[in-house]
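Here is a short report on a two-chain model.

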Amino acid sequence: MTFTIPIDNGDALKNAEADSQRTLYPYVTGTSIVAIKYKDGVLMASDMGVLMASSLCKFKGFMVDNECAGSYGSTLRYKNIERVKAIGKHSLLGASGEISDFQEILRYLDELVLNDNMWDDGNSLGPKEVHNYLTRVMYNRRNKFNPLWNTLVLGGVKNGESYLGMVSMIGVSFEDNHVATGFGNHLARPILRDEWRADLSFEDGVKLLEKCMRVLLYRDRSAINKLQIAKITEEGVTVSQPYSLKTFWEFQAFHNPTAGAQGSW
Amino acid sequence: MFRNQYDTDVTTWSPTGRLFQVEYAMEAVKQGSAAIGLRSRSHVVLACVNKAQSELSSHQKKIFKVDDHIGVAIAGLTADGRVLSRYMRSEAINHSFTYESPLPVGRLVVHLADKAQVCTQRSWKRPYGVGLLVGGLDESGAHLYYNCPSGNYFEYQAFAIGSRSQAAKTYLERRFESFGDASREDLIKDAILAVRETLQGETLKSSLCTVSVLGVGEPFHFLDQETIQKVIDTFEKVAEDEEGEAGEGDAEAAAAPAEQGGGGAGDQDVAPMEM
């Protein structure tokens, strides 16, 4: 159950060559994930859009948040990326941030789950174990100044108990009844704090998630109107087919958006 | 087993397909003082006989806590046992730290067995001279395993190892079918009675045995002398009472003398290497 981590050369933090061996800024990224516990398990929503940063210019020594300080914006490069994947029998992993790092994490987890299955002894990794394993991985990478540039959401059900947790790229990790990454933290969680209940039915849970995703669609420029909602219960994982939300653009404010700020030219 | 020309190296096979050094290592286990383990569906009890080398010294520690949900009792070279217990504790805590979840005892036992096997296939090593009774919990309930120096491990409902363990084993063989559904108290009582079997007539006192329990909702811990003495009192009284009371204790008192002859490696005393 070991995993290999890329080894930096000695002066890893200082010389230019070493920089090419560790992540300085994300390049191909996914946006928010929103997830909630509900009556039978966990629901997780993500959109399918993935951006690619354009023409990066390097700013040495900066560690910045979601956006790269040195890029000239980004392109909506991929519109069919699944950012929520099933892990083993009991867990669901959603990721925002660098997609290649997400794929790397999926490879680590693949090995983990494979070894767990090879034991063939009636014991299996539950969502709590996977969450803690990921926390260790993310934190250890952060300590080497070579982070996996993702915020991960881990949800699952085992032995009737639902579990939902989050790990950030610096190894900050916690559990909650509802979590969100990126812009979702600012736009979706206030809605969830008001409207989440422990006994949400599947339909109500989906409605609540759609409400959050709609706000994100309006307000997060990296979001697109094509989303998937994944469900995990004791029985297993189901990922919905991609679909779109209905949007309304006839608000007064949208008709003449610059009315309040007429420029002189 | 007599000395022969194939027993110098652990890496030498005999013509009949035996590794004598490994078998000699298993003899060392039989020389150690007795250790007993039994389990129900939800609890595991490990008990052992406390033998001190002399009246002046304290007795050796033979039962170790590996984690809240795993304990191990050893028989044989105590030094080897101590080192392996440290290994087990290390494995358990590393798993706990990475996964925030207790290491399933079945997996620990395999790690231990693989470690023992290495010593049977290196010319510069020797097998561990200690047998381990590992009791613990995992998702499927309570388990008891026996790891031997050969690198084999077996799962048991109940088992005894060390000198005069045959007496205990005979007792356990008679009673094991009831262990699965036994209550925690009955399981402890059976463990102490099995220890008594190995003492062969010596009066059973709480100072002579160490008993540990772990179970669902109950982390590994040792029973204190008082508790053990109370359990002993419940059946010793009945045993002394020779007026045909049909208690278990009575039947045990009658059976005990008959069992005196059956030690694992004969009636030898505890070997000096155990100290």
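**Chain A**

The model is predicted. Chain A contains 6 helices and 13 strands. It has 265 residues, and 48% of them count as buried. Take the contacts in chain A with a separation of 6 or more: 65% of these join residues 24 or more positions apart.

**The interface**

Interface size is often quoted as the accessible area lost when the parts come together. The figures for this pair are tabulated here.

| Item | Value |
|---|---|
| Residues in the contact, chain A | 15 residues |
| Residues in the contact, chain B | 11 residues |
| Area buried between chain A and chain B | about 1,300 Å² |
| Share of that area on carbon and sulfur atoms | 49% |
| Salt bridges across the interface | 3 salt bridges |

On the chain A side, Trp119(A), Asn123(A) and Arg136(A) lose the most area to chain B. Together they make up 43% of what that side buries. One salt bridge joins the side chains of Arg107(B) and Asp116(A), at 2.8 Å from N to O.

**Ser124(A)**

Is Ser124(A) buried or exposed? Its relative accessibility is 15%, so Ser124(A) counts as buried; the cut-off is under 20%. Ser124(A) sits in the chain A loop between helix 2 (99–119) and helix 3 (127–143). Beyond its neighbours within four places in sequence, Ser124(A) is in contact with residues of both chains. From chain A these are Lys89(A), His90(A), Asp116(A) and Lys158(A). From chain B they are Arg107(B) and Glu139(B). Asp116(A) and Arg107(B), both on this list, are the salt-bridge partners named above.

**Chain B**

Nonpolar side chains tend to be buried together in soluble globular proteins. The largest nonpolar core here has 31 residues. Val45(B), Leu172(B), Ile188(B), Ile192(B), Leu204(B) and Val211(B) touch the most other members. Elements giving two or more residues to this core include strand 1 (35–39), strand 2 (43–49), helix 4 (165–175) and helix 6 (225–240) of chain B. Helix 5 of chain B gives the largest share, 8 residues.

Leaving aside neighbours within four places in sequence, the contacts of Leu172(B) include Ile36(B), Leu38(B), Phe159(B), Phe179(B) and Ala194(B).

An unreviewed UniProt entry places the feature "domain: Proteasome alpha-type subunits" at residues 6–28 of chain B. That stretch is 39% helix and 0% strand. Its end C-alpha atoms are 19 Å apart.

Note on methods. Residues numbered from 1 in each chain as written. Chains lettered and ligands numbered in written order. Predicted model: local features only at pLDDT ≥ 70, side-chain atom pairs only at ≥ 80, totals over all residues. Heavy atoms only, no water. Helix = DSSP H or I, 4+ residues; strand = E, 2+ residues; numbered from the N terminus. Buried < 20%, exposed > 50% of the residue type's maximum accessible area, 1.4 Å probe, protein only. Contact = heavy atoms within 4.5 Å. UniProt positions renumbered as here; feature names shortened; annotations may be inferred. Core = buried A, V, L, I, M, F, W, Y, C linked by side-chain atoms within 4.5 Å. Buried area = accessible area lost by both parts, 1.4 Å probe. Salt bridge = Lys/Arg side-chain N within 4 Å of Asp/Glu carboxyl O.
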